[in-house]
Amino acid sequence: MSGILRLSHADVRVPDLELAVAYYVEVVGLIEVERDGNRAFLKGWDEHQHHSLILSKAPTYGLNAVGFKVVSADALEALALRLDDAGIAATRHAPGELAPGSGDIVRFRAPSGHTVELEFGQVQVGNRMPKLNPPIGPDGLIGMAPPRLDHIFLMCEDVNAVTEFFRDVLGFRMTEQILADDGNQLATFLERTHTTHDIAFLTGPDGGFHHLAYWVDDWNELRKAADTCAYHGVTVDAGPTRHGATRGCGLYFFDPAGNRNEMYTGGYWFDPDDEPTTWTESEIGRAIFYYQGKLNQRFMTVHS
Ligand SMILES: [Fe+2]
């Protein structure tokens, strides 16, 4: 019904573009595809589309927009109609209008205050490997070298409202929720890909950006990512650790601007007929940091 395939890209603000590109290429290990004035376009090595991360030079840090990949032009049209029916004002953008390599984009502001782009037809640039008898990876990868984007974690005041919007209007499925003692949602995890989350919301200020997560293949890769942070003097925020919610494993650290990154692996498959899992407020520590059993204060209070 929805036509949304997965998380496509995030547009993140950085005050020092050169420093940010150096970090995302040499430490994180993303591939720089193109530079356009005050923006750089990067992707994980196994992503075929033009970009999954846009770095935009700006006076401060934070998130400009989050994008989702839509399966077809018809599906994008249907989603635009659903937004219209829901009373959400959206703008339409032709291929290449918003960014080099961009496809047809429907752009709107979600109830959480975040700018969301639904995109069909972003330019495909390939993964530097042939389609005939390829090796398992390209030569010359450096840093953490995640193959692809995994999920984004945002903050807003009314998690209930934005969760309802993502479910009812955009067709996301809720896999897990953390409920406050008063019954309100403190956090929700939503997916389109059958993983545990493509996007999650945590209670906080509207428009808040908690972290952007790239996928790595296993726990050993998280250890290597932590080694890479230590080698380059990158501030580790938490982990490698395990989440109770999603059962995934992650390592959190900060880019030079202060945006939180995560390397993530694990989790389970979620089918459309599966029932969501609920965590109570008293168990929020285990839901977020399963081993430690309690939240570190930074996780709830530091964001961009
Ligand atoms: Fe995460």
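I count two strands as paired if DSSP finds at least two bridges between them. Strands (E, at least two residues) and helices (H or I, at least four) are DSSP runs, numbered from the N terminus.

A note on the source: this is a predicted model, in which local features need pLDDT of at least 70, side-chain atom pairs count only at pLDDT 80 or more, and totals for chains, interfaces and linings use all residues. Residues are numbered from 1 along each chain as its sequence is written, and side-chain values use heavy atoms, with hydrogens and water left out.

**Entry: strands around β8**

I began with β8 (residues 115-120), which pairs with β5 (residues 62-70) in the parallel sense over four bridges. Here I found F68 bridged to L118 in β8. Next I looked at β7 (residues 104-109), which pairs with β8 in the antiparallel sense over six bridges. In that pair, I105 stands opposite E119. I then checked the turn: β7 and β8 form a hairpin with five residues between them, and G113 in the turn has a positive phi of about 90°.

**Entry: helix α3**

Which residues of α3 are buried? I take buried as under 20% relative accessible area, exposed as over 50%, and partly exposed as in between (1.4 Å probe, protein chains only). In α3 (residues 159-168), I noted V159, V162, T163, F165 and F166 as buried. They lie on the same side of α3, because they cover an arc of only 160° around the axis; the arc is that of the directions from the helix axis to the C-beta atoms. At the start of α3, I saw a side-chain oxygen of D158 within 3.3 Å of the backbone nitrogen of N160.

**Entry: N259**

I found N259 in the loop between β15 (248-254) and β16. N259 counts as buried because its relative accessibility is 0%. Its side chain makes a polar contact with the side chain of S304 (3.0 Å). A polar contact is a pair of N or O atoms within 3.5 Å; within protein, one must be able to donate a hydrogen and the other to accept it, and residues adjacent in sequence count only if both atoms are side-chain atoms.

**Entry: cavities**

On a 1 Å grid over the protein atoms alone, a cavity is a set of points where a 1.4 Å probe fits but cannot get out; a pocket is an open set with protein on both sides within 12 Å along at least five of seven lines, and lining residues have an atom within 4 Å of a point. Grid points are joined across faces, edges and corners, and a volume is the space filled by probe spheres set on the points.

How many cavities of 30 Å³ or more does the structure hold? I found two. The largest cavity has a volume of about 70 Å³, and of its 13 lining residues F153, F189, H197, H243 and Y252 lie nearest the centre. The second largest cavity holds about 50 Å³. Its lining is Y24, V28, L212, Y214, F253, N261, E262 and M263, with β16 (260-266) giving the most, three residues.

**Entry: largest pocket**

I put the largest pocket at about 310 Å³. It is lined by 18 residues, with R6, D46, E47, R148 and L149 closest to its centre. Strand β9 gives the most to this lining, with three residues.
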